[in-house]
Structure formats: C-alpha cells, structure tokens
Amino acid sequence: MYQVSFAKTFQACKNGEKFPFCIEKDQVKLEGSLSYDTSHPKRLKLNGILSGSMTLVCDLSGEEYEKTLEEALEFYLSDEIVHLDCFEELVECKEGNIDFEEILYSELEMIRCDYHTKEDK
C-alpha cells in the first residue's frame, strides 16, 4: 500500500522523526523522506529523488525514446485546501492520506507534458 495517514505522519515528523518512503513502478523509483519544517507549521516537507527511465515522444520527430531520470524533488504536502497565490510548491492530500503512488504519477505526467527532443536524453 502506498498511502499513509497525513495526521499520524505529521505528528511523528513534528516530534522530530523523519518518515522515509520508497515507491517503484515500472522503471521509475521515487524515494526520499518527509519531515517537519518549522517555517511551514501546518505542512510536511517532501525531499526526494525521482530516478529511472521513461518513454517519451520527441516533439520534433514524433519518435519514441527512453529518457533517463535523476530529478531532485522538494515540495510541501498539506491536508487542507491552500490558495495557490500563497504557496506554489504544494501537493494537497485528499481524504487525509498521503498517496505516494499519486505523487509519483503526477510527477511523471508533468515530465510528459513538457517539451522533449531525443537529444535531451
């Protein structure tokens, strides 16, 4: 299972613990940790690395190619609705759960939506 309770994880992190995670799907791995950041007292901070490879389509030739991933990630998680004008790098956790699979798929979809050429491997 790739979901954990936001409230329980938040309390553990607020007490000084770090919450490590690792999820692998297909050829991609997302690993890192959640921690409490006193500058954002109602949020959890996610630090992680997205690594592996994924198939993309070259926007110039239309050909598929494999892209190697090694992306550092850093953003915050919240269990409440947040206005985007006050916080840019934020993932809202639905129904009080942190869903690592959803976070992984969202990050991959953002990469897919970007402009790609085969030379950017």
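Mentor: Let us begin with the sheet, where β3 and β4 pair in the antiparallel sense over nine bridges. Please keep in mind throughout that this is a predicted model.

Trainee: What makes β3 and β4 a pair?

Mentor: Two strands are said to pair if DSSP finds at least two bridges between them, and β3 and β4 have nine, so the term applies by that rule. One of the positions to look at is Leu 34, whose bridge partner in β4 is Leu 46.

Trainee: Which strands form a hairpin, and what lies between them?

Mentor: The hairpin is made by β2 and β3, with two residues between them, and Asp 26 in the turn has a positive phi of about 55°. Strand β2 covers residues 19-25 and strand β3 residues 28-36, and the two pair in the antiparallel sense over seven bridges. Within that pairing, Glu 24 has Lys 29 in β3 as its bridge partner.

Trainee: Why is the contact of Lys 29 with Glu 31 called a salt bridge?

Mentor: The rule asks for a side-chain nitrogen of Lys or Arg within 4 Å of a carboxyl oxygen of Asp or Glu. For Lys 29 and Glu 31 the N to O distance is 3.2 Å, and therefore the pair qualifies under that cut-off. The count by this rule comes to seven salt bridges.

Trainee: Where in the chain are the partners of the Lys 118 and Glu 63 pair?

Mentor: Their side chains meet at 2.7 Å, N to O, and the pair links distant parts of the chain, with Lys 118 in the segment after α2 and Glu 63 in the loop between β4 and β5, 55 residues apart.

Trainee: Why is Lys 94 called exposed, and why is Glu 102 called partly exposed?

Mentor: Exposed means over 50% relative accessible area, buried means under 20%, and partly exposed lies in between. Lys 94 has 57%, so it counts as exposed, whereas Glu 102 has 34% and is therefore partly exposed. The side chains of Lys 94 and Glu 102 also meet in a salt bridge, at 3.9 Å from N to O, which is within the 4 Å limit.

Trainee: How do you know that Val 91 counts as partly exposed?

Mentor: Its relative accessibility is 23%, so Val 91 counts as partly exposed, given that buried would require a value under 20%. Val 91 lies in strand β6, and its contacts beyond four places in sequence are Phe 75, Tyr 76, Leu 77, Ser 78 and Ile 103. Leu 77 is 14 residues from Val 91 in sequence, yet their C-alpha atoms are 4.9 Å apart.

Trainee: Which residues lie nearest the centre of the largest pocket?

Mentor: They are Val 91, Glu 92, Glu 102, Ile 103 and Ser 106, from a lining of 18 residues. The elements that give two or more residues to this lining are β6, β7 and α2, and α2 supplies the largest share, five residues. The volume of this pocket is about 310 Å³, and its lining has seven nonpolar, three polar and eight charged residues.

Trainee: How much space lies in the second largest pocket, and which residues line it?

Mentor: The second largest pocket holds about 150 Å³, and its lining includes Asp 26, Met 54, Tyr 105 and Arg 112. By class, this lining divides into four nonpolar, three polar and four charged residues.

Notes: Residues numbered from 1 in each chain as written. Predicted model: local features only at pLDDT ≥ 70, side-chain atom pairs only at ≥ 80, totals over all residues. Heavy atoms only, no water. 1 Å grid on protein atoms, 1.4 Å probe; cavity = no way out; pocket = protein on both sides within 12 Å on 5 of 7 lines; lining within 4 Å. Points joined across faces, edges and corners; volume = space filled by probe spheres on them. Helix = DSSP H or I, 4+ residues; strand = E, 2+ residues; numbered from the N terminus. Nonpolar A, V, L, I, M, F, W, Y, C, P; charged D, E, K, R; others polar. Buried < 20%, exposed > 50% of the residue type's maximum accessible area, 1.4 Å probe, protein only. Contact = heavy atoms within 4.5 Å.
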